[in-house]
Structures are given as structure tokens and as C-alpha cells.
Protein chains: 2
Amino acid sequence: VRGVDATPERIIVCSGFAQALTILAAALTAQGVAAVCVEEFGYPSHVRSLRASGLETTTVEVDRDGARVNELGAAGALLVTPAHQFPLGPTLAASRRLAAIEWARTQRGFLIEDDYDGEFRYDRQPIGAMQALAPERVVYAGTASKTLAPGLRLGWIVVPPALIDAALEARRLTDGPSAIEQLTMAEFIVEGTYDRHVRRSRLAYRRRRDRVVAALRAAVPEARVAGAAAGLHLVVDLPPGRSEADVTARALSLGLAVEGLDDYRLGERRHQPALVIGYGTPPEHAFGAALNRLCAALTAA
Amino acid sequence: VRGVDATPERIIVCSGFAQALTILAAALTAQGVAAVCVEEFGYPSHVRSLRASGLETTTVEVDRDGARVNELGAAGALLVTPAHQFPLGPTLAASRRLAAIEWARTQRGFLIEDDYDGEFRYDRQPIGAMQALAPERVVYAGTASKTLAPGLRLGWIVVPPALIDAALEARRLTDGPSAIEQLTMAEFIVEGTYDRHVRRSRLAYRRRRDRVVAALRAAVPEARVAGAAAGLHLVVDLPPGRSEADVTARALSLGLAVEGLDDYRLGERRHQPALVIGYGTPPEHAFGAALNRLCAALTAA
């Protein structure tokens, strides 16, 4: 994996990030961690998972430089999406990365670097993983869900030495992916087919993102698109006066499923009304029509 | 599944019994269960899994009629292998089945029926699942690990209504098997190929068991084979004076991996020295040689 400091005995292959989080929760608990800080917007299932594992959760604010990592309070670990904050979109600034590493080192905290779409950066080279800066404090988590398919349920974590024994035991006790698919994936990687697929996909998704941004700019100029040119989704701030419920209902009536940003709110602080738009899913032949529906949902009175 | 009372909304497909147990531990805890009783011999990883999920475990004795289910103490659930106790081999007697159901109904307890090799019964028709007698109190757990391959990591549980919501949430939070393999398996079943494969395997494994029993009887007449004619393993009591460590070391020196029964002891009570012999694994061309090594390990002074 791109810029990750890994030895085979610290890599755990798992059924995706959901299982990874369960495994890591057990390992963190064994290291005395009681609370994990998450970014103020993200997947509610991550919070439910951490809590189901007996951990408390806190949230940290996210601004245009990513998570405000100097405000981590008493948490013993931070779950963070540095390459492309999910869903808001900023990249964690270099100074914030260093501050997070510094926090982990001095406070004996752990970082979980969720690199969910790290292969898809469009405006420049992918940024190296934070994990390489402090492999003894940072867990790297990667997945095939975006590069291949979420239905594959295949992911991997690179685990610091302090967490590896407990993580391996938790992995054993919670099962994992099929050996057949692990071997298929390994062959796919070794043959170079995976790399070619990722490069081709990067180009295709970049074109999709450009189309979405151009269409929105033309049809709904007052709807601001935020975040880095990366990944398979973007967040668009709604035009003044429109609510998330309004727009998602209108989109649904047009046959389009989009989500309001508030569905991803994990903390108290609200964001201005916005949509989270995934552009990876529609088949190519249906993409133009889906885009038209999106613009129609946003412009409808 | 054979004789199971299931509606689609109560079936959860998972990555095998390890994940099933994690899911069920969460659901049982949500129902106020604090302790799970396990059979006095079985998989240590099951006990570790239950404890890692915050449950206490107790053990129940097993005799030739299976688990002594009238001695469950204060446990809120029983994990049981009624078709073919693992590893000792007895089938849970009809009166014990009824007593277990009665216990579950009157004490509001739950049974987890681990039907790990229920497809492989050789001396008569498979016994119906206990689950059908009390689908509101019994979880049925099946797996493709024995019928197809453990590396597939594919299993399923049928969950009582009282546990289903918490089990589904736990399943979501701990991931699960690939959609590709679930769909492949479904096609395999619908086409009838799975059934044909199971029937063919049953015959092949039956022959293997007969060969093991005959070889042991001829070479080591004082080594008693216990348990029902079923499954992919058997337990053989060692000849007087031989220890498990002796015989397993001797087998290993001959290139054969067998396990001592004591490795599966979960309670205080010891069994007389015995081996747990899996006969499903060796390829057909190597089976005769493996059997010769087994007999040599058992007869060596």
C-alpha cells in the first residue's frame, strides 16, 4: 500500500472497516483506552460500533484543514480520515498531521487512519499515509470497497506492535473474509491487474466528479461544492432557503437517492444544509440522467 | 435447511460460527443474559469469544446421552452440539432435547444449537434440528465449513424473534461475508448442486470413517472409538499407559497432526487420555498413509 510502513506480521486482512473497528476497539480497550474521538461528521455506524464495544466516543470539530486535532480532550484514540475527510471533504493539513502525531506520541494515544478512498485523488499525487510518520502509534486502514466493490467485504489494517496481539485475537474470534477471495485479490495485486484497474477507475471517477461539478455550477450556481478533488462523493451546500429534507424528498420523487449531510452528524454542531452526493454508483449509461435529476431536485422551488 | 423453522427475516448469513457467536453474545447480553453454559469439551475459542463479549461461561458435563441439560445452573443460555457433540461424539438423547427445551421455556433461557456437521450422519437419517421444537427459544447455527470448505467462511443462523433486532445490528457492525460468495452459494443451492455435493461427500466421509475404525480395530484393538457414526472426526481413547502428549508427539514425528482431547477441555473434569482425529482433511491419495501413521503412533511403545 502506498506509503505505508508495514511488515507482514502487522497486517490483518479483514471483512472491511466495520470489522476492523471491532477488532481495534478490543485492542484499544486492552491498552486501557476508554474513549475514542471521532470527527464531527462521519458514519454513525462507526460510533455505534465503538459504543457496542464498550468504548465512549467524543467528537472533534472539522474545518477546511480537516479535524482540529489540537482539541482532542481526554480521548485515548482518534479515528480520522486524513486524505479526504468523510463526508466534508477537506484534506488534513500538514501542520495538523504533525500535531496529531505529536499528540499520539506525548499522550500515548493512538490514531486510526481510515484511508477509505485514498487511491482516488484527482488534482495531485495522493498524499502519503500518516501511518508512515509514526507506525508505532497509527493504525492504517485500507479497503477494496471503493477500488473494487463494497460487496466484496475486503479490507486490511496495519497495526502498531502495542496493539497487534490483541487485534489478532479479536480477528480470530470475529471471523474474517473467505480465503478464496483473499487469494484472488492477492493474485490480482501481484499480476499488476489491480493497479491498472485503480488507475483506470481513477480517471473514470475524476471525469464523473468534473461532470457533477460542472453540471451543478451551470444549473445551481449558488450551490457551493466543498472539499478536495478526490474520492467518490462530494458535499454540496444547498441554495439559501432549501432544507435537506426538501431536497432529498424531491430527489427521491425523481428516482434519485441522495442523503442530507445531517444524517452524518456525530456531534452537536450543525453544518449549513448540504447534500452528500455519491457519484460512484450509477452505471455509465444512467449517469447523465441521474445528474439531470440531481440538478432538478436542487433547483425546484 | 433440514428441519429448521425459519422465515427469511430471521436468517442471518455470517462469516462462520465465530462471527455468529459474537453476534449472538451481543443479542443475548441485550436480553439480560449474563452467563452462557458450554459443554465441558468443545472449542476453547468459543469460550474466549463469549468472554471477550463480556459474558461469563459455565460448563455442563457430557455423558453418552450428550450434555446433562438438567444441570445448567444459573446460565441464561446453553451452547450445545446436539446432532454430534463436539468432540466427544454422542448425540443428544431425545429426553435431553425435551428437557433442554423445557428449561429454555420455563427459565426464559436460550439454546444455541451448533449444527456444525449435521449433514453428515452415517448410520441413520439425520435427526431434525432442535430449533424446530422451539424456534422462539433456540438459535440454529449452520455452516458451509464442513460441507464445502472452512476457508469459505460462510455460515448462517436462524434467530428467535426476541434476539433478531440486536443480532442484525451486531451483524451490521461486525461486517460479514462477500456478496459474491453469498450469491454463488445461493445459486449452488438453488441449482441442486449443493445437495448433490453433500450426498457425495457424505458417502466419501462415511467410507473414511469406516476405514479409520477398521484400521484402529485391527492395529490397536484396545483403543476404543466412541461417539455416533457421524461427522468428520472421532475420539479414540488411548491404550492403557499412553499419554496424549506421548501419542501426539509420536504422530508429529511421523508427519501427522492429531490433537489430544485435553486441548478441548473447557471445564475442570478430565476425560481419560484420548485423541481427536479429524479424517476429513487428507487428500484421498494420502489417506491410507496417514492412517498407517496414526496406527503406528498409537502402537509405538
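Two strands are taken to pair if DSSP finds at least two bridges between them. In this predicted model, chain B holds an open sheet of four strands, and chain B also meets chain A in an interface.

**The sheet in chain B**

- The four strands follow the order 10-11-13-12, with antiparallel pairing.
- Strand 10 (225-226) and strand 12 (259-260) of chain B each have a single partner strand and stand at the edges, so one side of each is left without a neighbour in the sheet.
- Strand 12 of chain B is joined by two bridges to strand 13 (residues 274-278) of chain B, and the two run antiparallel.
- Opposite E259(B) stands V276(B), in strand 13 of chain B.

- The same surface serves both copies, as 100% of the contact residues of chain B recur in chain A.

**The interface of chain B and chain A**

- In this interface, 24 residues of chain B are in contact with 24 residues of chain A.
- The buried area is about 1,700 Å², and carbon and sulfur atoms give 50% of it.
- Four salt bridges are found across the interface.
- One salt bridge links R48(B) with E169(A), whose closest N and O atoms are 2.4 Å apart.
- On the side of chain B that touches chain A, the elements giving two or more residues are helix 1 (17-30), helix 2 (44-52), helix 4 (161-173) and helix 5 (179-190) of chain B.
- The residues of that side divide into eight nonpolar, ten polar and six charged.

Conventions
Residues are numbered from 1 along each chain as its sequence is written. Chains are lettered from A and ligands numbered from 1 in the order in which they are written. This is a predicted model: local features need pLDDT of at least 70, side-chain atom pairs count only at pLDDT 80 or more; totals for chains, interfaces and linings use all residues. Side-chain values use heavy atoms; hydrogens and water are left out. Contact means heavy atoms within 4.5 Å. Buried area is the accessible area (1.4 Å probe) that two parts lose on being put together, summed over both. A salt bridge is a side-chain nitrogen of Lys or Arg within 4 Å of a carboxyl oxygen of Asp or Glu. Ala, Val, Leu, Ile, Met, Phe, Trp, Tyr, Cys and Pro count as nonpolar, Asp, Glu, Lys and Arg as charged, and the others, Gly among them, as polar.
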